[in-house]
Amino acid sequence: MNMFDEIEKLRKDLPKLQKVTDGVSKQELNHYQIIALVIMGAGICIGVIFGNVFPSCGTTSGLYSKTCTTTEFNFSLTLTIWFVAFLVCVFFYGMGSIITLLDSINKKLDKKK
């Protein structure tokens with residue numbers, strides 16, 4: 001038995017690009033997923049605003065170590081806020097996906113009855 005003949009028998013064609021885009025474009029977002037996207041957008045904006053409002057100290061004066069001579073954009077605070085917003089966004093988006101899957105299972109079970 002030739003291995004290449006077996007591969008030819010079992011081989012399936014890859015899906016066409018149009019079919020993949022049709023499947024993706026049919027997906028609708030539920031309320032949890034929309035909330036997740038809004039939270040991510042708000043988290044990005046709030047992170048940038050807080051990075052400017054609460055700047056970090058660039059250099060301190062020699063005589064008074066608690067006095068900042070220059071302030072810089074607070075990247076650590078901004079990245080922390082972005083990371084927390086991303087985690088909350090992933091949680092809500094995942095919960096919305098689970099609800100969508102459970103709803104589709106429920107519809108398929110109702111059709112069988």
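This is a predicted model: local features need pLDDT of at least 70, side-chain atom pairs count only at pLDDT 80 or more; totals for chains, interfaces and linings use all residues.
1. Residues are numbered from 1 along each chain as its sequence is written, and side-chain values use heavy atoms, with hydrogens and water left out.

2. What is the geometry of the pair that Phe54 makes with Phe50? Rings of Phe, Tyr and Trp (its six-membered ring) pair if their centres lie within 6.5 Å; planes under 30 degrees apart are called stacked, over 60 edge-to-face, and the rest tilted. By this rule there are 3 aromatic pairs. In one of them, the ring centres of Phe50 and Phe54 are 5.5 Å apart and the planes stand at 75 degrees, so the pair is edge-to-face. Phe50 counts as partly exposed, with 35% relative accessibility.

3. Phe73 and Phe75 also form an edge-to-face pair, with 4.9 Å from centre to centre and 70 degrees between the planes. Phe73 is partly exposed at 26% relative accessibility, whereas Phe75, at 56%, counts as exposed.

4. Now the overall layout. The protein chain has 4 helices and 2 strands, in the order α-α-α-β-β-α along the sequence. These are DSSP runs numbered from the N terminus (helices: H or I, at least four residues; strands: E, at least two). Of its 113 residues, 12% count as buried.

5. Helix 4 deserves a look on your screen. It covers residues 75-112, 38 residues in total, and spans 55 Å from first C-alpha to last, close to the 56 Å expected at 1.5 Å a residue. That expected span is 1.5 Å times one less than the number of residues.

6. Which residues of helix 4 are buried? They are Thr78, Ile81, Ala85, Cys89 and Gly96, and they pack against helix 3 (31-53). As a reminder, an α-helix has 3.6 residues a turn, so residues three or four places apart point the same way.

7. Phe86 also sits in helix 4, and at 44% relative accessibility Phe86 counts as partly exposed.

How values were computed. Buried means under 20% relative accessible area, exposed over 50%, partly exposed in between (1.4 Å probe, protein chains only). Contact means heavy atoms within 4.5 Å.
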